[in-house]
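Thanks for coming, everyone. I'll walk through some helix packing and some aromatic pairs. Please have a look at the model first.

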Amino acid sequence: MDSLKKKGNITPNFIPANPTINTANMGLAQNCANPCCFFCIMKEPDSSLRRAGMASCFKEMPLRDNREDVLVLSGIWNIAMAQPDDPELPSLGIFDCMVSLIYKGINDQEWLLRDQNVYIPYYAAHVIGSYTMNKVEFAEKAVKSGVIPPLMELLRGKISWVEQRVAVRALGHLASYERTFKAVAAYEDEVVKLAMLLASSCLDVVYVNFVGIKDMHKRLKYHSDLLTRGVGGIEMENQKAEEWASQLQCWSIYLLNCFACKERSLNLICKQEFLKELCKMWGGLVNHTSPAGVGLIRILCHSKIGRKSISGCKEILENLCHLSRSSDDWQYVGIDCLILLLKDPDTRYKVLEATTLFLIDLVELKSLGDRSNLGEAITNALLLDYKPSSKLRFKNSKVQGALQEIWELKVGKREREKMMSEEKVEGRRVLIELIKQQANRLFRLGGIEAAVRSYTEALDACPLKLRKERMVLYSNRAQCHLLLGDPDAAIRDTTRALCLCTPANCHSKSLWRRSQAYDMKGLARESLMDCLMFVNGCINSEMTNKQEKISYHAARMISKQMEKTWLFAGAQKRPTISDHVKEVQDSDEEDYETERWNEELEYKLITKMMTEKKSTACSLSGLSTIIEEPLKLKEGNKRPELKMGRRRNRVVVAQSM
């Protein structure tokens, strides 16, 4: 906001009266003749008079028709975002006021289109969401004030996707508390269906109704103003729209989480059509805090119904396997899901064959963030009922060999090496170095297949405790596989190398090689994550001229994969909104009326926008740019929280390319 103030495009932010805050910066004239002015009331030094004045203002605001109300709402929004835990406004009837204003916007279309009133329902729903974000006491007051019915109207799409976004945010906060969940659950069937629909269709809707409109003058002006305040042009608007679309999708999934973690509505959430779409929902690079679709999948894996549905979905299993062998921040979530499926006797043999050839590469993984002994947990899950003498039959013969390899690595070889002396270990280190040098020489001379055999010989002779040496051997062998056109083998070896390094996923050469291998297989998201991690590693280390040349190729790779993984890439390929966008509720008479209402409102908004003069008396100079709080996990969620910031760092790198 400070940068916007310097440009002089908006007045200073409205802020709450507080002994530590200078209220002289409020955006209004010093000599105000209106005795009921909200901002003058906020300046009142006598707390009892100030509270009485604000309570009166909240009662009168929905009853009057004042063109300055939008600025008042903008100021209240700023107060709620800056101090969401301050009890003053919630105790004075703020929720009753917001409820009345939302209903007014929904029921009185003529009022909504007058002056700048179209902004008011958005700000009102946003204020409700901000004050119910942290405090269950505020959430209870909001529910008693009747916030849920008007929020449901917005969630149904009564105005636009912009209002749906703040409605699903507020409902998610209310559903996350045990004491207010019941009030949201009164609409359970409809809430879950609408949240599923929003999560599945919001990217198409935002693209078709905003991002895909290349002419800025044809976009709804109030959408543009809320997104960027008209600063920065079409590129800035598109970036903010992508961020908001990601939030809309992630908050819709979060609302579903609140029901799934209580094992409610699983019959709806676990439909195969939705699960197939869910595994593709990741929020894009603009999503810094939410595990998005995979977070809901993990919650489903904690229930028997969820595990049964997920084990029967080939697309989800493939996605979880790829995620578990990536450098994505939520890699550990994918691993958790697979372990839960393997431990359940009813789903174990449905997923064992599909997952073993992926998880075998992770058995030596020590930790990810604050999650320790992940490799041991994977080993125990894979070898849960395995015995070397057992003759399990698999469709893929490689699975039996993989289980035998894990047993030999984690049991047989480990037992044999317990008796190995330090002198013998050092002797092996020297031998391995000689074999590696021979393999390097063969590689330089073009004997790639011979080099693979030499690296394999060195790995077989290398003690398990020599993790660094084994990391280099795996990574070098992966480079040979790349040149031989075998991306699957390259991914296996680079993943093992990245598990052996400390911390995990930090070996630059392996990251770059796996990124190339994933690119060869057409797995753009996995390739992008590895490439961004590789570039970040180069930036944080002492660079040489040779490394800078590699970074140039990495920049080209990032550009290529960002285009493929762009949040709206799927929507861009479709000329119109997908069919499921129109499958609102059950296509009954009420839904038809809602659709007609929306079409009529949009037509009037566009007509009004096109006829508006550039210099209007109804200036929006007091409206604030929206800066959202991160998605927060609250009580009742079975998903343990892990603070990881790599994706945010990746975004910085990607934007600087």
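Which residues in helix 22 meet which residues in helix 23? On the helix 22 side they are Glu376, Thr379 and Leu382. On the helix 23 side they are Leu403, Ile406, Lys410 and Arg414. By class, that contact divides into three nonpolar, one polar and three charged residues.

Ground rules, quickly. This is a predicted model, where local features need pLDDT of at least 70 and side-chain atom pairs count only at pLDDT 80 or more, while totals for chains, interfaces and linings use all residues. Residues are numbered from 1 along each chain as its sequence is written, and side-chain values use heavy atoms, with hydrogens and water left out.

Now the terms behind that contact. Contact means heavy atoms within 4.5 Å. Helices (H or I, at least four residues) are DSSP runs, numbered from the N terminus. Nonpolar covers Ala, Val, Leu, Ile, Met, Phe, Trp, Tyr, Cys and Pro; charged covers Asp, Glu, Lys and Arg; the others, Gly among them, are polar.

Geometry next. Helix 22 and helix 23 (residues 397-417) pack at about 120 degrees, axes 11 Å apart. Axes are lines fitted to C-alpha atoms, for helices over the stretch in contact, and angles run from 0 to 180 degrees between N-to-C directions. The two helices are therefore oblique to each other. The cut-offs: under 35 degrees is roughly parallel, over 145 roughly antiparallel, 65 to 115 roughly perpendicular, and the rest oblique. The crossing of helix 22 and helix 23 is left-handed. That means the near helix is turned anticlockwise from the far one by less than a right angle; clockwise would be right-handed.

Helix 22 has another partner. Helix 20 (residues 331-343) packs on helix 22 (residues 374-382) at about 25 degrees, with axes 9 Å apart. That makes helix 20 roughly parallel to helix 22. This crossing is left-handed too. Tyr332, Ile335, Ile339 and Leu342 of helix 20 meet Leu374, Ala377, Ile378, Ala381 and Leu382 of helix 22. The class count here is nine nonpolar, no polar and no charged residues.

On to the aromatics. How many aromatic pairs does the structure hold? The count is 16. Rings of Phe, Tyr and Trp (its six-membered ring) pair if their centres lie within 6.5 Å; planes under 30 degrees apart are stacked, over 60 edge-to-face, and the rest tilted. Take tyrosine 207 and phenylalanine 568: centres 6.0 Å apart, planes at 40 degrees, so the pair is tilted. Tyrosine 207 lies in helix 12 (residues 188-211) and phenylalanine 568 in the loop between helix 30 (545-565) and helix 31 (569-572), so the pair ties together parts that are 361 residues apart in sequence.

Buried means under 20%, exposed over 50%, partly exposed in between (1.4 Å probe, protein chains only).

Phenylalanine 568 also pairs with tryptophan 566, edge-to-face, at 5.4 Å between centres and 80 degrees between planes. Tryptophan 566 is partly exposed, at 27%.

Glutamate 242 touches Val286, Trp566, Leu567 and Phe568, not counting residues up to four places away in sequence. At 15%, glutamate 242 counts as buried.

Last item: Trp77, Tyr122, Tyr123, Trp161 and Trp244 form one aromatic cluster.
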